[in-house]
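Subject: Structure handover and findings

Hello,

My notes on it follow below.

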Amino acid sequence: MKIPDELHYTEDHEWGKAEDGMLRVGITDYAQNELGDIVFVDLFPKGTSVAKGDPIGTVESVKAVSDVFAPVDGEIAEVNDSLEDKPELVNQDPYEKGWMVVLKMDDPSQVNKLMDSQAYEEYLEAEAK
Amino acid sequence: MPGRTDVARFPEVREPLLNLRSALGRNKRLIPSPFDVPEMPDLPVSTDLADLPDVSEVETVRHFTRLSSLNYGIENGMYPLGSCTMKYNPKIAEAASASLRSVHPADPAAMSHVLECLALLQKYLGEICGMDACSLWPAAGAHGELTGMMVIRRAVDMKGEPRTKVLIPDTAHGTNPASCTIAGFATESIPSGGDGFLTASILKEHLGPDVAALMITNPNTLGIFEREIREIAGLLHDNGSYLYMDGANLNALLGVARPGDMGVDCMHVNLHKTFATPHGGGGPGSGPVLVKSGLARHLPLPLIKEGESGSYTLSWDGPESIGMVHSCLGNVGVCIRALAYILSLGPVGLPEVAQAACINAGYLKSRLSGLYDLPYRTPTLHEFVLSDRLQKENGITTMDIAKSLMDFGFYPPTIYFPLVVQGALMIEPTETEPLEELDRFVNAMEEIAETSRTNPEELHGAPRTTPVSRVDEVWAARNIVLTWSKRES
Amino acid sequence: MSYIAINEQDLRKMLKSIGIAFPQEVFSSIPEELRYDTLLPIDGPLDEESLRRRFAFTPSKAVFAGGGIYRHHIPAVVDSLSSRQEFVTAYTPYQPEVSQGTLQSIFEYQSMMADLTGMDVSNASMYDGATSLAEAALMALRGKGIRRVLVARSMQPSYRRVLKTYLASISDVKVEEIPFEPSTGQIDLTALEGAIAADCAFFIQNPNYFGVIEPMQRVAGIASPRAGFWGITVTEALTLGLFDAPGIYRPDVVIGEAQSFGNPANAGGPLLGFFCTRKEHVRRMPGRIVGLTKDSEGRQAFCLTLATREQHIRREKATSNICTNEGLCALRAAIHLSAMGPEGLREAALQCAAGARHLMALLAAKGIRSLLSGPVFHEFVVPIEEAKRAALDAERIVPGIPITGDYPELENAVLVTVTEMNTMEECRCLAERM
């Protein structure tokens, strides 16, 4: 299970990458593995304001649908359009090409409340029990 | 999301799509033509013929005959599908109900006899279930559930009580919460105990003044009889709530125990399960609803009335009814078949069904529980659940087991349900299976268990002997091609 | 009769394996107090001949009833093919590898219904036209900003009642009815214009319950630009073989009853609800859907798809609770459409229209004229008094369906239907008795 060091993580298995006041968001390797082959990604449009914990879209596989939640307060600045035609990117490359949205963060210090890679790894181990 | 509409993309086919055999002038059907057709200028006739395939009768027959050969049906072998009760469908039910087809529902003289039969079915179902009143109008189990929950909703609303919640065990079938949502309820899942029972003590923790009902399945989807059902009913009634029962598993109780005696207030039955009407590849089914007298006035309209002269009509007098749930009288043909089944069995035959169903299931369980993981040691009735925990050690999943069974000529059991068991295999043979078929199934499962240890890779490639090999459900969902049309809108 | 295949010898083996001495011990987990220890008070067992006699139904000799369920010619191949046991006894096609027969035939049904309605997609069936309408309304209400449901009063009364039952649980949504013009029977366009807005879902039936053909071009001119969501209901599917496809008016859904395709009247059921919609609504559409795909060898194959909308995955968030639908009836429809072909369908429809006009003329000659002047397909409304109806009933002639109960302003009104299953002789017989 890949858990890149430089990212932040949520309990709902989203990852966040801080980029100059912006946060690139996607779902983790664990999440895509649990869902199975992803067939559809439905994301809220640019300009949508979200609070931490609000849904920003859904991810659908053959056997399940999952909500994706905003890790921080902010506004959707960019949406990964290539997921419309190639939802499988989320399975193949969840942390790079499979990114979902970029949020303009209301308060960049909010990311510090998220888990780091170590904490997320421990969280996954605890969940498995 | 745009779907690609080019259906010719897979050139290797078992049987070409019907439209590919179409050519103008192939169909030479002679239509009944009792009338001269004059000019009818007030009729908005289209200039084009309807966009339909034009094929000869011979090609129609060959096409659908070949398609039928690509199907597995109960006449081929056992369908051990848990909670589906895929029992043998007696042919006399079909034959006896044949004259129904020419009857129009607005033909009062003919319908009197039909309604008399339906009234009799209502009465019999009431006796079998220990309930007071019945409606035959719901066209399927889920439709019956929805109707039942709307009846409860009306009862609760008329009492002026703000009860918005329904409690549903974690072993429940997906239609249970879905039906509640449409009936305007919020749902709350309650856990079954470690031994598979729903307990009064767990219920107590979730019970409150906002609870309208609990939906229970008995036996539950683990095949276990809910032994605390009377205490559960008592708690609910004391709380002013109702007990709804999903009757999908009634096969284990026929003539042996009655839901009405257990404290159930409202329930549905599945005629296409317990009462042997054919599944049809997805219907038509029928899901009659039964209630205790206190809820009878909320049942859907119309009602069947017996006149003094012994003729039967419909009554629309029901000010507290939830209204209509179907445009006509539900799936009448299915109801008549179910009545024929009940009459062909008679009062002695029904409990024999339940007994044989439980013996067949018990036998399979005794032969398979060493080879496969049995997550619950609790005694079961007409069905039981295994898991893939042992086989997973070699990388073999429930999906692999299911697909491999097809190569042995079996339809797989219900898989990945109930959700409380990881990798569940729910097995219900029903009472109509001969011992040879049960043993054949055991042998197949034994071989699969063996192969999972010695050569697991082989099972990943299953099925190999079916008309098509493992189907790519991901491609289907990513591309969404739902018709043969090349229409781009 | 018993369908249990176990004998005494088998039983002994099985009891031994289970580890019990007597068969009744399988019920040991059912508490004693709950055992039903007597015999159920039901008749039987009846032998096969007794059952045939018990269920010998006798239709009346001349029937002019329709009203959403129609007597049509069904080619003999429909029965013979749809009674193949591989179709009849098959389970829902969740395991596609052994269900290609069911799956492909349903895909073909979906394709034909989409083509006939002029819409992008169809689902695998609903219970009937009324629940199809109700589900369409629920689908509309799940969309953004829809708060009202408008329905033409000329829509079949049972459909409007089922719609109200389904919407009763959504307390802030009322069903509003748009009246019809009392002289023509067509929808009151002025009233429609006044009521329609972006926050409503609007549904109209064509032809309507009176058999009257609605001015669809003008209705679409009002509904398409202004309604938040609108749908066309079809209760007589045969019209799809004669009129322009309803999809040309660009509604969001075309729903209704396809019983006319290959399914007999059968005392009212089973029926065949159909549901067609546009591509952009696919993910919100209720019901099962079959999709094209391939198998692991690259062969064409079919499977149920977009299942994540459905109850077994989404549970309380599902687009519908529907599970079992009307599969075999949809198969019959597919075979029927294949057997009839486009010309056959058109001819049958023209026969119905011609027959209705023939009977209307005979009745008019007796002074019995239609109460509504709008153009009709194969149904029309005439006044026939109660006493006359009773006399006809005694002769086992059904002149039609009395509808004054639902439309009190139409006195002694009877909805008369003529199809290709009626004869000139039957029409003469009815007219003679007026």
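Which residue stands opposite A:E19 in strand 3 of chain A? A:M22 does.

Some ground rules. This is a predicted model, so to speak of local features pLDDT must be at least 70 and side-chain atom pairs count only at pLDDT 80 or more, while totals for chains, interfaces and linings use all residues. Residues are numbered from 1 along each chain as its sequence is written, chains are lettered from A and ligands numbered from 1 in the order in which they are written, and side-chain values use heavy atoms, with hydrogens and water left out.

**Chain A: the sheet**

Helices (H or I, at least four residues) and strands (E, at least two) are DSSP runs, numbered from the N terminus. Two strands pair if DSSP finds at least two bridges between them.

Six strands of chain A form an open sheet. The order is 1-2-3-9-8-5, with antiparallel pairing. Strand 1 and strand 5 (49-50) of chain A are the edge strands, each pairing on one side only.

Strand 1 (residues 8-9) and strand 2 (residues 14-19) of chain A run antiparallel, joined by two bridges. A:H8 stands opposite A:G16 in strand 2. These two strands form a hairpin with four residues between them. In that turn, A:H13 has a positive phi of about 70°.

Next comes the pair that holds A:E19 and A:M22. Strand 2 and strand 3 (residues 22-27) of chain A pair over six bridges, in the antiparallel sense. They too form a hairpin, here with two residues between the strands. A:D20 in the turn has a positive phi of about 60°.

Two bridges join strand 5 of chain A to strand 8 (residues 74-79) of chain A, and the two run antiparallel. A:V50 stands opposite A:G74 in strand 8.

**Chain B: a three-stranded sheet**

Chain B has an open sheet of three strands in the order 10-12-11. The pairing is antiparallel. Strand 10 (384-387) and strand 11 (414-415) of chain B each have a single partner strand, so one side of each is left without a neighbour in the sheet. Strand 11 is joined to strand 12 (residues 424-427) of chain B by two bridges. B:T414 stands opposite B:M426 in strand 12.

**Interface of chain C and chain B**

Contact means heavy atoms within 4.5 Å. By that rule, 183 residues of chain C are in contact with 198 residues of chain B. Buried area is the accessible area (1.4 Å probe) that two parts lose on being put together, summed over both. Here it is about 16,600 Å², and carbon and sulfur atoms give 63% of it. C:Y3, C:F57 and C:E97 supply 5% of the area that chain C buries against chain B, more than any other three residues.

A salt bridge is a side-chain nitrogen of Lys or Arg within 4 Å of a carboxyl oxygen of Asp or Glu. There are seven salt bridges between chain C and chain B. In one, the side chains of C:E33 and B:R230 meet at 3.0 Å, N to O.

A polar contact is a pair of N or O atoms within 3.5 Å; within protein, one must be able to donate a hydrogen and the other to accept it, and residues adjacent in sequence count only if both atoms are side-chain atoms. The count between chain C and chain B is 75 residue pairs in polar contact, both at pLDDT 80 or more. Helix 11 (residues 327-365) of chain C gives the most to the side of chain C that touches chain B, with 26 residues.

**Interfaces with chain A**

Six residues of chain B are in contact with ten residues of chain A. Together the two chains bury about 700 Å², 64% of it on carbon and sulfur atoms. The rule finds one salt bridge across this interface. A:E88 forms a salt bridge with B:R478, the closest N and O atoms being 3.5 Å apart.

Chain C also has a salt bridge to chain A: the side chains of C:R283 and A:E60 meet at 3.4 Å, N to O. C:R283 is in the loop between strand 8 (273-277) and strand 9 (290-294) of chain C, and A:E60 is in strand 6 (residues 55-61) of chain A. Over all chains, the structure holds 44 salt bridges.

Best wishes
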